[in-house]
Amino acid sequence: MHGIRVLKAFGRGQYALKNFASRAEDLRGTEIEKAKAIAGIWLWLLLVPDVTFALCLLAGVWLAAGGQLSVGQLVAFFATATVLRWPVESIGFLLSMTFDTRTAADRFFEVMDSPNTIVDPEHPKTVANARGRLVFDEVHFRYQDSPAQYADLLDGVNLELEPGETMALVGLTGSGKSTLTALTTRLYDVTGGAIRLDGVDIRDLRLKELRAHLSMAFEDATLFSASVRDNVLLGRPDATEEDLAEAIDIAQSGFVYELPDGLDTRVGEEGLSLSGGQRQRLALARAVAAKPEVLVLDDPLSALDVDTEALVEAALRRVLASTTGLIVAHRPSTVMLADRVALLEGGRITAVGRHHDLLLSSDHYRFVISSLEDEERRERNDASGPAELQLEERADA
Ligand SMILES: Nc1ncnc2c1ncn2[C@@H]1O[C@H](COP(=O)(O)OP(=O)(O)OP(=O)(O)O)[C@@H](O)[C@H]1O
Ligand SMILES: [Mg+2]
C-alpha cells in the first residue's frame, strides 16, 4: 500500500499484482495444509477417547449384568474418567502451543533485552542558565552496522556555535549532515569526542533537560494523527495561545486557520492529508514553538516554493536572532540566512566562515554551492512551465 503510487506511475501495477497473487497462492496452500493437519490431529484426539469410552461402557454393562461389577462401581469409574479426560487431552494441546509461544517469546526478549545506551546519566548535571553555546569537540561517529573497513562517517568534527549565532551546515549529499544533527539531540551517541551545551557534555544531562534546551525539525516532516494544535505543541504542551499563534506565524502556516475545524482539525494518517510543504511548515512550527535555546533544523525549507521560503526565512531571522541555530541547507538562499557557514567534507568540518569569504577561499565550497544552485535552477524551471516560454522570456530580457 505504501508504494502504490510509485507502482501506478511506473505502470507496474499488473506485475506487482501477479507477484503478490503468486505469493498469496503459496500462503493459501500452506494454510490449507496446516488446516488439514490440525483437522487430522483433532479427529484422533476426539475419536480415540470417545471410542474407548463406548467400549468401556459396553464392557461395564456386560460385567454389571453378570454381577462381577456393581452399578455403583461402574458409575464411579465413569465419573473419575470424565473428570480426568480434559486435563489429559489438554496436555497435548499445551505442548503444541509451547512451540509457538517459544518462537514468539524468543523474538520478544531479543528486543526487550537489547540494551538501551541512550539513557539518563547516573549523576546528571544541569545547565543553570542555558545560553545555547553548542560545541562539537572531535566528534567521531559510525553507524553500528557499517562495515569495519569503512572509516568513521564523522571523523573528528570540530565546530563552535556561539549563543544566538546561526550556522548553516552544507555538504554533498550523503556527507553526514543529517547524522550530525541527530547527534545533537542524542538520537545516537557519539562514538568518540563530545558535544557540549554551555560547557556540559550532553551525555551528562538528563534527556528531558537536553531536549527542552534543544529542539529539532527533521528532513521528513512527520505529523501524528492528532489535531494541528497537538502536533505543533508536541514539545511544549503548556504553551499559551499566543505562543502557538506566533509559531504558526513564523512557519508561515496560516493555512491551518482555513482548515475545516481550524486548529482542532485532525491531520496525519487518520485525519486530513496535508501537502509535503504544509507538513514541513507544521514541523517547523513545532520546533519553533518549543522555544528552545538551540534550534536544529535539518533542511527545513526544501519542500517550500521560493516565495514561501523567503517569507519563512524573514520570520526565522527574527527568532534566530535570539536562538542558536544549526541549519542544514540545501539552497543557497538558506545559506544566506546564516551568520556563518560550516562545510562538511570527508567526515570533517573543513571550512567555517562567512558565505562570501568561503566562496573565495574554498574550492570544495564553490563546488557544493554551485551544485546546490544547479539543483535550485532545475527546481525553478520545473515549477515555471514549459521551457520554450522561458527561452522567449530570456530573449526579451
Ligand atoms: N540509520 C542508518 N544506519 C546506517 N547508515 C546510515 C543510517 N542513516 C544514514 N546512514 C548512512 O550515513 C551516510 C550519511 O547519511 P546522512 O543522512 O547523514 O547524509 P546527509 O548529508 O544528510 O545527506 P542528504 O544531503 O542527502 O540529506 C550515508 O552514506 C548513509 O548511507
Ligand atoms: Mg540529510
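Author: Tyr143 lies in the loop between strand 1 and strand 2, where helices (H or I, at least four residues) and strands (E, at least two) are DSSP runs numbered from the N terminus. Tyr143 counts as partly exposed at 27% relative accessibility; on this scale buried is under 20% relative accessible area, exposed is over 50%, and partly exposed is in between, with a 1.4 Å probe and protein chains only. Leave aside the neighbours within four places in sequence, and Tyr143 is in contact with Leu153, Thr179 and Tyr188, contact being heavy atoms within 4.5 Å.

A quick word on ground rules. This is a predicted model, so local features need pLDDT of at least 70 and side-chain atom pairs count only at pLDDT 80 or more, while totals for chains, interfaces and linings use all residues. Residues are numbered from 1 along each chain as its sequence is written, chains are lettered from A and ligands numbered from 1 in the order in which they are written, and side-chain values use heavy atoms, with hydrogens and water left out.

Now for the strands on either side of that loop. Strand 1 (residues 134-141) and strand 2 run antiparallel and are joined by 6 bridges; two strands pair if DSSP finds at least two bridges between them. Across that pairing, Phe136 stands opposite Leu159 in strand 2. Helix 4 (residues 177-184) packs on the sheet and touches strand 1, strand 2 and strand 4 (192-197), with its direction at about 120° to that of strand 1. Axes here are lines fitted to C-alpha atoms, for helices over the stretch in contact, and angles run from 0 to 180 degrees between N-to-C directions.

Strand 1 also holds Glu138. Phi of Glu138 is near 45°, a positive value in a residue other than glycine, and Glu138 is partly exposed, with a relative accessible area of 35%.

As for the sheet itself, 4 strands make it up in the order 2-1-4-5, open and with antiparallel pairing. Strand 2 (154-161) and strand 5 (200-201) are at the edges with a single partner strand each, so one side of each has no neighbour in the sheet.

There is another open sheet, this one of 6 strands in the order 6-9-10-3-11-12 with mixed pairing. Its edges are strand 6 and strand 12 (348-353), each with a single partner strand, so one side of each is left without a neighbour in the sheet. From one strand to the next, the twist averages 20°. Inside this sheet, strand 3 (residues 166-170) runs parallel to strand 11 (residues 340-345), and 4 bridges join them. Leu169 stands opposite Ala342 in strand 11.

Strand 6 and strand 9 bring us to helix 8, whose buried residues pack against strand 6 (214-217), helix 6 (228-232), helix 7 (241-250), strand 9 (294-298) and helix 9 (306-320). Helix 8 (residues 276-289) has 14 residues and reaches 20 Å from its first C-alpha to its last, close to the 20 Å expected at 1.5 Å a residue; the expected span is 1.5 Å times one less than the number of residues. The helix is mostly covered, with 11 of its 14 residues buried.

Ala285 is one of the buried residues of helix 8, and its relative accessible area is 0%. Not counting residues up to four places away in sequence, Ala285 touches Val232, Ala247, Ile248, Ala251 and Ser253. The C-alpha atoms of Ala285 and Ala217 are 8.8 Å apart, although 68 residues separate the two along the chain.

Lys291 has a positive phi of about 45° although it is not a glycine, and counts as partly exposed at 44% relative accessibility.

Finally, step back to the whole chain. Its secondary structure comes to 13 helices and 12 strands, and 36% of its 397 residues count as buried. An automatic or database assignment gives domain 1 (4-113) and domain 2 (134-383), and 56 Å separate their centres, taken over C-alpha atoms. The C-alpha trace spans about 120 × 60 × 50 Å along its principal axes.
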